Amino acid sequence: IGTESTEQGKVRLLAQQIKYLSWPEISTLFSKSGIEDFNKLTNRSYQLSVPNTETNLELVNALKNAKYLGTIKTSEKSQTIKAYVKRSAMQSV
């Protein structure tokens, strides 16, 4: 239970800060954050696929609102969120 609240705190903090960060900064933070579903996100990742959870959805929505993500698809069958990174986000490096 303690780990879960710590991860939720990390997620909320990251979600609030995403709009102020560049894509390389975001991918570095995710890789070092300990948030398991996002730790493989890299500077050159064009898509991500994560389990459909409340915390993952919060991060995906923050990335979308910051204009880093384009299309977002959710699958009820596989319980995943698939999102595509805008190429223009990576060019703004």
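**Entry 1**

I began with S33, which touches K10 and L14 when residues up to four places away in sequence are not counted; contact here means heavy atoms within 4.5 Å. The model is a predicted one, in which local features need pLDDT of at least 70 and side-chain atom pairs count only at pLDDT 80 or more, while totals for chains, interfaces and linings use all residues. Residues are numbered from 1 along each chain as its sequence is written, and side-chain values use heavy atoms, with hydrogens and water left out.

I looked up the separation of S33 and L14: they are 19 residues apart in sequence and 9.1 Å apart in space, C-alpha to C-alpha. S33 lies in helix 2; helices (H or I, at least four residues) and strands (E, at least two) are DSSP runs numbered from the N terminus. S33 counts as buried because its relative accessibility is 11%. Buried means under 20% relative accessible area, exposed over 50%, and partly exposed in between (1.4 Å probe, protein chains only).

I found the backbone oxygen of F30 at 3.0 Å from a polar atom of the S33 side chain. Both F30 and S33 are among the buried residues of helix 2 (residues 23-33), as are W23, P24, I26 and S27. G34 follows helix 2 and has a positive phi, near 85 degrees.

**Entry 2: helix 3**

I noted 12 residues in helix 3 and a reach of 16 Å from its first C-alpha to its last, close to the 16 Å expected at 1.5 Å a residue. That expected span is 1.5 Å times one less than the number of residues. I listed T55, N56, L59, V60, A62 and L63 as its buried residues. They fall within an arc of 160 degrees seen down the helix axis, so they line one face of helix 3; the arc is that of the directions from the helix axis to the C-beta atoms. On the other side, E54 and N65 are exposed.

L57 is also placed in helix 3, and its 32% relative accessibility makes it partly exposed. K67 follows the helix with a positive phi, near 70 degrees.

**Entry 3: the hairpin**

I then turned to strand 2 (residues 69-75) and strand 3 (residues 80-85), which run antiparallel and are joined by 5 bridges. Strands pair if DSSP finds at least two bridges between them. I72 stands opposite A83 in strand 3. The two strands form a hairpin with 4 residues between them, and Q79 in the turn has a positive phi of about 55 degrees.

**Entry 4: confidence**

I checked pLDDT, the predictor's confidence in each residue, from 0 to 100. The protein has a mean of 84, with 91% of its residues at 70 or more. Confidence is highest in helix 3 (residues 54-65), at a mean of 93, and lowest in helix 4 (residues 87-91), at 75.

Note on methods. A polar contact is a pair of N or O atoms within 3.5 Å; within protein, one must be able to donate a hydrogen and the other to accept it, and residues adjacent in sequence count only if both atoms are side-chain atoms.
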